[in-house]
Amino acid sequence: MLPSALAGELDPDPAGRRPGRTARDWAVDVCCFLLALLLFLVIAAGLVRHPGVPRPLVVGDVLLGALSCLAVWLRRSRPVGLAVAMIVVGFLSDSSGGTAMIALFTVAVHRPFRYVAWIGGIDLALVPLYYWLRPESGLPFTGAVVFAALLTVSVVGWGMFVRSKRLLLLSLRDRAHRAETEARLRAEQAQRLAREEIAREMHDVLAHRLTLLSVHAGALEFRPDAPREEIARAAGVIRESAHEALQDLREIIGVLRTGGPDDAAGGRPQPTLAALDTLVAECREAGMKITLDHRVADPAAAPASVGRTAYRIAQEALTNARKHAPGSEVTLRLTGTPGDGLTLTVTNPPPETEAPPVPGSGQGLIGLTERATLTGGRLHHGATADGGFEVRAWLPWGQV
């Protein structure tokens with residue numbers, strides 16, 4: 001039930017073929033033909049009964065009017081050509097006036113305003129000349145000119161109104177299409193950000209556990225003659241770290257299944273600043289030498305996002321210190337108050353002996369920098385003057 005021009009825009013043919021007439025087009029074209037035919041018959045009957053018109057002029061006028069009625073069927077395929085032809089034919093034939101108005105209306109519907117302006121302007125300019133050559137009996141010259149001009153302007157305005165409605169529908173379709181595209185892009189971006197967040201979380205969670213496994217397994221490999229107590233302790237750390245790694249991996253899989261990091265059903269709560277003491281104790285049990293300088297009076301008061309970020313930064317920094325400076329004493333300082341922010345520093349001196357190679361991606365510090373930036377903070381890392389390494393982070397902690 002849509003016009004073919006509108007249907008072709010809304011559902012274009014993949015092969016680029018022009019759409020055929022729809023049922024609505026056939027109905028409109030038949031109505032236009034019947035209207036042109038009715039006007040032709042009325043005007044032709046008046047010409048035949050008019051005693052002052054010569055017979056040859058009547059025959060020529062009627063012949064041109066009949067051909068004009070048949071030309072209505074060309075209005076969709078050649079609207080501009082038909083309208084231009086009807087300027088000449090309509091000036092010569094009274095009975096073709098209905099077809100001339102239909103052609104002008106078709107141009108206003110199917111073509112931009114510049115075509116309507118030229119054709120409609122020529123029609124209006126010829127109106128006074130037409131009625132000067134063919135005065136209407138019983139109607140003054142001025143009245144006839146004004147009536148014809150108003151009729152022409154009305155036909156053009158009606159056609160432009162129909163065209164504006166079609167253009168509005170197409171613009172709404174384009175806006176809806178753009179909105180769907182933008183929504184799809186936003187969904188894809190959200191999925192990508194979620195994947196990045198999960199990947200970052202997986203790295204932070206598993207790197208700490210797997211580093212413990214690698215370090216203690218390497219110690220057993222390089223010191224097979226160690227006392228039984230040390231071997232048993234190292235094996236216990238390996239077993240416990242493997243168990244914790246599996247548990248953390250289950251939590252990450254739970255996050256993937258439930259759709260968000262805070263929705264993992266049955267998983268352990270996310271670490272906060274209050275869990276930092278447990279992390280240090282765990283590292284000490286694994287054989288690390290850590291000096292903890294904890295100057296935050298109430299760690300539980302820190303925002304959850306800030307505490308989780310600080311925990312992950314400390315976890316990654318301690319993991320790196322264990323990998324690259326084994327046996328060195330690591331210093332972890334934590335200070336901060338609401339309003340001033342939270343400052344976390346992890347420093348280790350240069351290693352006493354050459355560290356054995358430990359596999360790793362090398363992306364941990366990059367991920368920590370991104371994590372700190374996402375929370376509105378900043379992170380710096382680099383070598384110290386004595387050859388050691390330092391990680392310093394500042395995280396915002398607003399007033400309550």
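Guide: Val145 lies in helix 7, residues 141-222. Helices (H or I, at least four residues) and strands (E, at least two) are DSSP runs, numbered from the N terminus. This is a predicted model: local features need pLDDT of at least 70, side-chain atom pairs count only at pLDDT 80 or more, and totals for chains, interfaces and linings use all residues. Residues are numbered from 1 along each chain as its sequence is written, and side-chain values use heavy atoms, with hydrogens and water left out.

Val145 has a relative accessible area of 17%, so it is buried. Buried means under 20% relative accessible area, exposed over 50%, and partly exposed in between (1.4 Å probe, protein chains only). Apart from residues up to four places away in sequence, Val145 touches Val127, Pro128 and Tyr131; contact here means heavy atoms within 4.5 Å. The C-alpha atoms of Val145 and Tyr131 are 6.9 Å apart in space, while the two residues are 14 apart in sequence.

Ser95 is in the loop between helix 4 (79-92) and helix 5 (97-110). With a relative accessible area of 1%, Ser95 is buried. Its side chain makes polar contacts with the side chains of Asp61, at 2.7 Å, and Ser93, at 3.2 Å. A polar contact is a pair of N or O atoms within 3.5 Å; within protein, one must be able to donate a hydrogen and the other to accept it, and residues adjacent in sequence count only if both atoms are side-chain atoms. Beyond its neighbours within four places in sequence, Ser95 is in contact with residues including Phe40, Ile43 and Val62.

Helix 3 (55-71) gives the most to the patch, with four residues. Leu63 is in helix 3, and its relative accessibility of 52% counts as exposed.

Now the strands. Seven of the eight residues of strand 3 (residues 341-348) are buried, so this strand is largely enclosed by the rest of the structure. Two strands pair if DSSP finds at least two bridges between them. Strand 3 runs antiparallel to strand 2 (residues 329-337), with seven bridges, and Arg333 stands opposite Thr345. Strand 2 and strand 3 form a hairpin with three residues between them, and Gly339 in the turn has a positive phi of about 100 degrees. Seven bridges also join strand 3 to strand 5, again antiparallel, and Leu342 stands opposite Leu395. Strand 5 (residues 389-395) is joined by six bridges to antiparallel strand 4 (residues 378-383), where His380 faces Arg392.

Overall, the protein has eleven helices and five strands, and 35% of its 400 residues are buried.
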